[in-house]
Amino acid sequence: MELVSPREAFLQHLQLVAPISPTRSPRPIFKDVLLEARDGSVTLTATDGDVTLRTTYETGGVAGSGRAALPAATLLSAVRSLSGDEIAIHEKGAYHELTGGTSVFKLKGDEPDVFPTIEPIEGGKRVEVPLRAFLELAQRTMFAAAREMGRYAFNGVLLEVTPSELTLVATDGRRLSLASMKAETGVSENASVILPLKGLAQLQRASGDLPDDAKVLIVVDDNRVSMRLGMTELFAQLVEGEFPNFRAVVPADTQIPHSVDIVRVDFEDAIRRASVTAGEESRSIQLRFDADALTISSRHDGVGESQSTMPIRYGGDVVEIRFNPDFLGDYLKHVPDSSLTFRFKDRASAGCFTTSEENTYIVMPITS
Amino acid sequence: MTSPARTILHADMDAFYASIEQRDHPELRGKPVIIGGMGKRGVVSTASYEARKFGVHSALPASIAHQRCPHGIFLPTRMAHYAAVSRQIMDVFARYTPLVEPLSLDEAFMDVTDSETLFGSGETIAKRIQDDVRDVTQLSVSIGVAASKSVAKIASDLRKPEGLVVVPSNTELMFLAPLPLAMLWGAGKRTQERFAARGMSTIGDVQDLSIEELREICGEGGAEHYWHLARGLDDRGVSPAREARSISHETTFRDDVADRDALHAVLLDLSEAVGRRLRKHGLKGTTVKLKLRYPPFQTLSRQAKVESPTWDDTLVYQCARDLLDATRTTERPVRLLGVGVSDLVAADDVGQTQLFGARDERMLETLDAIKDRFGEGAVRRSSSSTRRHDRGDEIYDPVD
């Protein structure tokens, strides 16, 4: 390939896609980034086999043609280290010469035709929504998905679309976060798919520089999803498996009759304190709801104990519930609202946080 | 067998769960008590001896149990409570020897060889244990006394409840010969079927076969194993494993297998066996281990962590499968496959409740009860039965 490009633009787009490339992979080609130059534009593609990120730019001054597959990590370090306003890549025998300023690298690439071809998704269901709002739903839900291997549906985030609403749900079987937004989705019938966590995380990363009114176009077919943001497009395999019937576990008000409003900052501080003495394994902290007081405490043999009390408006019976403090901390870390409502029933029933937004977080207690 | 004769006890509680309920609720004594089988679709977990007279036994569908014993008292299982009683019983066993190897909540092996000078013969110790267990828990236990684990295990089952059967050393052949093949401990379902297909019905029929004849029936590895087993020759020691470190199952293929679907099917079987043993021991674990052997002897193992302790077959399987798929097995045939779970904790210490889990746990208990009664083949997932590979018997890998 022959390519001449402003260094800054090339670097910026390379920084966007290169982190997708795995440092170790059974397929060496995944360690490469595919460069394609054509008609004054450059397309960079990287994949880890599950998620593919492709971005194109055509800011002035790009010239060249052809394709090359070069090792992503090496290329990124090399371009970063070069000086000068422009870089050039020339194919020379088995090597590609990368020049910038007065310096030159010789990089060993792979045959670009070996790089997996990413076909666009033809047909399929399409929905376009405001990017920032969509990312906020992702932020409010992704943390609750299972990170461990082998939970399939739990390893993704459910996207549910109706003509007027878009909902994301994630759960690891012990807590569940649900966030929805009103939107003219343009779909005529309800649809749901499970988006891979990794894909959503990359979407968050790729959205950095986009304007606030940017939109994301989501296209899905039976087994793939693509998400397009301007000139950047992300492809991922949908998560296999059946998402559990989450509506069945969202408790009705009658099932968890007690409700208290909580000042977020105080609550967050108290959870943080209680986490300190919650121990290392099978961590738990206790929430005790008493007349107009919420006491958050933990005790662990060999560590010690802690206790914080905050005022609340509560007139029901004394209720003590134990939770994994990490489940509460995760929620507070990812949900920015300043006031929260917590609903509960007894030590063995789910606890449920809601905010002024359309956001529900359900946590199962620890009972022994 | 060159080692000096040992004295091994196998103690097995009588109708454990049902007896605990009768003890705790005096009004239930002498009445047909049935644990499990509450819902219409459930199955019986344990039946009291009174209920057994009506033909109610473990793994019987609840609907039939209700028909056979309409006046039966059906109760839910209280696993955490049974586990607490189990600890009391194990403590009694430990009074007589440090060598106690629990097999599940309600049974254990003990090696009392070195305790005989202190407490008397194996038979005397067994009687004392029966008395102590009754004192401490008001429950009864049946005990078999023999020179090997397999014979002691068979003996404890012969005269329930509160039975005591002693098989003196060197009388094993006579003792075992008339017993039905189904009592040959450690003989898997497939092996039993192969024996039955030849018209064999007693352990004596196996004793009559030469090792060459056995080889034809159950292969190279199996022949020697069953030749010894049928004679009561079993030199496995009692390993005091109060804290089991891992539970695993593995299988060696007769012919090396490269087909990934077939390997997945085997993994599912192994994972189910592991899950079942975990539940039987009341344990959950957080590390899933895959063991793989390429011929002839290159063995590798891979492991993955799950977030919270589990005994769920499906989760164990999915992890093991992901680990297998991450290896290059498509390129190389596999000789041996194993699945294990480690980093074990007592299940009742794991208090985290589940959003969707309750139903699944009940289903697992039901399936376990069915398999206890009818054997491993009684219930299978569709995906594990679709592609079955010819393989050797699963090796029962004691808790290590």
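**Exercise 1. Determine the handedness with which α4(B) passes α6(B), and describe the contact between the two helices.**

Solution. The crossing of α4(B) past α6(B) is right-handed, a label given when the near helix is turned clockwise from the far one by less than a right angle, anticlockwise being left-handed. This is a predicted model, in which local features need pLDDT of at least 70 and side-chain atom pairs count only at pLDDT 80 or more, while totals for chains, interfaces and linings use all residues. Residues are numbered from 1 along each chain as its sequence is written, chains are lettered from A in the order in which they are written, and side-chain values use heavy atoms, with hydrogens and water left out.

Next, take the geometry: the axes of helix α4 (residues 79-94) and helix α6 (residues 122-137) of chain B come within 10 Å and cross at roughly 145°. Axes are lines fitted to C-alpha atoms, for helices over the stretch in contact, and angles run from 0 to 180 degrees between N-to-C directions. Helices (H or I, at least four residues) and strands (E, at least two) are DSSP runs, numbered from the N terminus.

Finally, list the residues in contact (heavy atoms within 4.5 Å): V85(B), Q88(B), I89(B), V92(B) and F93(B) of α4(B) meet I129(B), D132(B), V133(B), V136(B) and T137(B) of α6(B). The residues of this contact divide into 7 nonpolar, 2 polar and 1 charged, where Ala, Val, Leu, Ile, Met, Phe, Trp, Tyr, Cys and Pro count as nonpolar, Asp, Glu, Lys and Arg as charged, and the others, Gly among them, as polar.

**Exercise 2. Work out the strand order of the open sheet of 8 strands in chain A, and state which helix lies across β12(A).**

Solution. The order is β13-β10-β11-β12-β24-β23-β22-β17, with antiparallel pairing; two strands pair if DSSP finds at least two bridges between them. The edge strands, each pairing on one side only, are β13 (191-196) and β17 (258-263) of chain A, and the twist averages 20° from one strand to the next.

Within the sheet, β10 (residues 156-162) and β11 (residues 165-171) of chain A pair over 5 bridges in the antiparallel sense, and V161(A) has L166(A) in β11(A) as its bridge partner. Helix α3 (residues 131-141) of chain A lies across several strands, including β12 (175-182), and runs at about 165° to β12(A).

**Exercise 3. Explain why C352(A) counts as buried.**

Solution. Buried means under 20% relative accessible area, exposed over 50%, and partly exposed in between (1.4 Å probe, protein chains only). C352(A) counts as buried because its relative accessibility is 0%.
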